[in-house]
Amino acid sequence: MWNEYSVGLFIVLISAAIGFLALARETDDFHRLLLIDLVEIPSLAIIALLGTDLAEALILPGLVVGISELLALSQLYIVKEGLRSRPVKSPGIEVIELAHAPLIISVFLVAYGIVLSGFTGGGIAGLGVIFYIMSRGHSERFEIVEMASGISWAVWIIAFFVFMFLPQYWYMAVMLAAVGILLKVAAKMSLMGTMWGAHDE
Amino acid sequence: MSSVGGATLAHLPFGDIVIYITPFTLTLFLLALVFTILVIASRPERQLDITFGADRIITKETGLTEMRFRRFMAIACGLASMGAMLTGDVFDFALFTSLVGITNVGIVAAVKSRHVQNAAFQYGLVAMAGTVPLFGAAAMVAATTGTLSMLELAKEATSVVPFAVKAFLVLGVMGEGMAPFYAAKAEMFRAPGAPYVIMCSLSSLLIFLRVIEVVLTV
């Protein structure tokens with residue numbers, strides 16, 4: 001069982017795991033860029049472990065892909081760091097003071113939307129979120145809405161893989177997909193009231 | 001050959017690499033083709049910012065060079081997806097998939113906004129990390145079975161590719177196809193990326209569909 005290939009693969013996978021661990025712990029973007037280059041090397045090593053003519057033919061495209069991605073990312077890093085977040089004067093908007101009533105109404109709408117689930121539920125929950133945001137003013141954090149949208153997509157992918165690989169758990173997949181569309185529609189609907197677009201370009 | 005994609009319609013031999021066309025791969029290929037043509041034909045969307053309470057509407061124009069770059073990236077992404085849909089070789093599939101990843105980074109990064117570019121950078125890191133299990137899986141397929149051709153692998157009665165290798169392949173494709181998770185940033189403020197941002201979602205959907213077929217066939 002433990003022939004040369006297995007031992008080599010084991011060592012390479014351990015070094016890849018160490019690289020990924022460092023990547024997960026690092027928070028500085030530039031250092032992560034350098035670490036990702038380090039993580040790329042084990043993938044080349046796995047190909048090289050084939051030890052045949054085929055490995056030689058395969059390692060070149062692998063290397064090219066890795067280098068081109070690294071070039072694109074470093075270019076992106078330069079552009080990204082060069083950009084300045086310009087302060088924009090926010091337009092004069094009539095803001096309704098945050099009282100308890102809007103909160104209660106939106107909580108009711110969101111809860112009812114979750115009970116309905118699916119597309120309709122997403123619409124109603126989104127309406128609740130719009131109402132809440134409109135009653136609060138415009139300094140909202142879009143990151144949360146974006147994150148909800150992203151998470152809904154990830155939930156769909158999980159549901160999709162469950163459908164394909166573990167069809168016996170189809171009911172869980174249906175429920176996951178329903179939650180995903182609820183989140184997505186709610187996120188999209190809640191954006192309707194928040195198109196000020198003043199906080200960035 | 002029994003395949004999840006249906007009966008094989010045709011074979012296109014390119015030397016060692018034999019492309020097989022099933023109703024499944026043909027459908028996905030046509031989908032990628034149609035969307036690429038739509039991207040070629042479409043004009044960039046103009047963003048309207050409506051200011052509530054002030055009765056003011058601001059239109060944002062997209063510059064010609066920026067539009068050209070985004071369209072080029074979207075077309076490249078369409079071509080890469082088409083390749084990934086048709087290929088009959090595990091390593092080529094890995095290559096096309098990572099190409100989809102690179103072009104998706106380009107599509108998201110073309111939006112000139114700091115937080116979108118931040119998202120593009122983070123996505124790029126994930127896509128690069130995804131190449132490790134992706135190419136690793138392709139190399140391990142060759143190491144364990146001695147071939148990379150999906151057609152050869154499908155001939156075996158029981159699957160000869162170990163489960164861990166298949167899991168690696170799916171993991172790699174998930175890393176490359178993570179674009180919509182980050183494209184949400186570009187998509188949320190619809191117009192900065194529209195309509196080219198649609199290629200992010202479409203290409204990742206297509207590679208997810210294809211990897212299912214690959215994993216269940218080999």
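Me: Two residues are in contact if their C-beta atoms, placed from the backbone, lie within 7 Å. Which residues in H8(B) meet H6(B)?

Reply: This is a predicted model: local features need pLDDT of at least 70, side-chain atom pairs count only at pLDDT 80 or more, and totals for chains, interfaces and linings use all residues. Residues are numbered from 1 along each chain's written sequence, chains are lettered from A and ligands numbered from 1 in written order. H6(B) brings Lys166(B), Leu169(B), Val170(B), Val173(B) and Glu176(B) to the contact. Facing them in H8(B) are Ile207(B), Phe208(B), Val211(B) and Val215(B).

Me: Do H6(B) and H8(B) pack roughly parallel or roughly antiparallel?

Reply: H6 of chain B covers residues 163-176, and H8 of chain B covers residues 198-217. Their axes (lines fitted to C-alpha atoms over the stretch in contact) are 10 Å apart, at an angle of about 175°. Angles under 35 degrees count as roughly parallel and over 145 as roughly antiparallel. The pair is therefore roughly antiparallel.

Me: How many nonpolar residues are in the contact of H2(A) with H4(B)?

Reply: H2 (residues 29-48) of chain A packs on H4 (residues 114-145) of chain B at about 10°, axes 8 Å apart. These two helices are therefore roughly parallel. Ile36(A), Val39(A) and Ile46(A) are among the H2(A) residues here, and Leu125(B), Val132(B) and Phe135(B) among those in H4(B). By class, the contact has 3 charged residues, 3 polar and, for nonpolar (Ala, Val, Leu, Ile, Met, Phe, Trp, Tyr, Cys and Pro), 13.

Me: In E2(B), which residue is the bridge partner of Pro13(B)?

Reply: Helices (H or I, at least four residues) and strands (E, at least two) are DSSP runs. E1(B) joins E2 (residues 17-21) of chain B by 5 bridges, and the two run antiparallel. The hairpin has 2 residues between the strands, and Gly15(B) takes a positive phi near 65°. Across in E2(B), the partner of Pro13(B) is Val18(B).

Me: How far apart are the C-alpha centres of domain 1 and domain 2 of chain A?

Reply: An automatic or database assignment sets the bounds. Domain 1 of chain A is 4-82, and domain 2 is 100-194. The separation of their C-alpha centres is 36 Å.

Conventions. Axes are lines fitted to C-alpha atoms, for helices over the stretch in contact, and angles run from 0 to 180 degrees between N-to-C directions. Angles under 35 degrees count as roughly parallel, over 145 as roughly antiparallel, 65 to 115 as roughly perpendicular and the rest as oblique. Two strands pair if DSSP finds at least two bridges between them.
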